[in-house]
Amino acid sequence: MSRAAGDAPSAGPTSITACPDGPLIARGPIELVDEHGDPIERRRRTIALCRCGASAIRPFCDGSHRTVGFRTERPARTPAVIVPEPIVDEEPDAASA
Ligand code: FES
């Protein structure tokens, strides 16, 4: 596929960051295509992709996530820790029997 005019060069790492209660921020050389595989023009190296569905300029974010109250699930602050059950000796104590 051809590169859209004004696109950044295809060098450097690519990353996608999920913003809490907001868009996905894509940085670096990625190619955007629509549902038919046709390229979507991208004018910046860093772009915000809508994930709330309310943007009027999808696939890009237009800030509408704030007005619609889009909320994402927060990751756990601490990892889950599984504490093993204590081992209980079921045999009666010889002194109490
Ligand atoms: S995430 Fe910003 S408008 Fe949808």
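Contacts between residues 24 or more positions apart make up 36% of those in the chain that have a separation of 6 or more.

**Confidence**

- The average pLDDT of the chain is 80, and 70% of the residues reach a score of at least 70.
- In the chain, confidence is highest in helix α1, residues 64-68, with a value of 97, and lowest in β1, where the mean is 92.
- Over residues 1-9 the pLDDT stays under 50, and for this stretch the model has 18 contacts beyond four places in sequence.
- Where pLDDT is low, the predicted coordinates should not be read in detail.

**The sheet**

- The three strands form an open sheet, arranged in the order β1-β2-β3 and with antiparallel pairing.
- Because β1 (15-18) and β3 each have a single partner strand, they stand at the edges, and one side of each is left without a neighbour in the sheet.
- Neighbouring strands of this sheet are turned against each other by 20° on average, with direction ignored.
- Strand β2, residues 24-27, runs antiparallel to β3 and is joined to it by four bridges; in this pairing, R27 stands opposite T46 of β3.
- Strand β3, residues 46-49, has a covered face made up of I47 and L49, whereas T46 and A48 belong to its uncovered face, so that T46, the residue opposite R27, lies on the uncovered face of β3.

**D21, between β1 and β2**

- D21 is placed in the loop between β1 and β2, and it counts as buried because its relative accessibility is 14%, where the cut-off for buried is under 20% relative accessible area.
- The side chain of D21 reaches the backbone nitrogen of T72 at 2.9 Å.
- When neighbours within four places in sequence are left aside, the residues in contact with D21 are R51, H65, F70, R71, T72 and R74; one of these, H65, falls within the residue range 64-68 of helix α1.

**S55, between β3 and α1**

- S55 is found in the loop between β3 and α1, and with a relative accessible area of 4% this residue is buried, judged by the cut-off of under 20%.
- The side chain of S55 reaches the backbone nitrogen of D62 at 3.5 Å.
- Apart from neighbours within four places in sequence, S55 is in contact with C50, F60, C61, D62 and S64, and among them S64 belongs to the range 64-68 given for helix α1.

Notes:
Residues numbered from 1 in each chain as written. Heavy atoms only, no water. Buried < 20%, exposed > 50% of the residue type's maximum accessible area, 1.4 Å probe, protein only. Helix = DSSP H or I, 4+ residues; strand = E, 2+ residues; numbered from the N terminus. Pairing = 2+ DSSP bridges. Contact = heavy atoms within 4.5 Å. Axes fitted to C-alpha atoms, helices over the stretch in contact; angles between N-to-C directions. Polar contact = N/O pair within 3.5 Å; in protein donor to acceptor, adjacent residues only side chain to side chain. pLDDT = per-residue confidence, 0-100.
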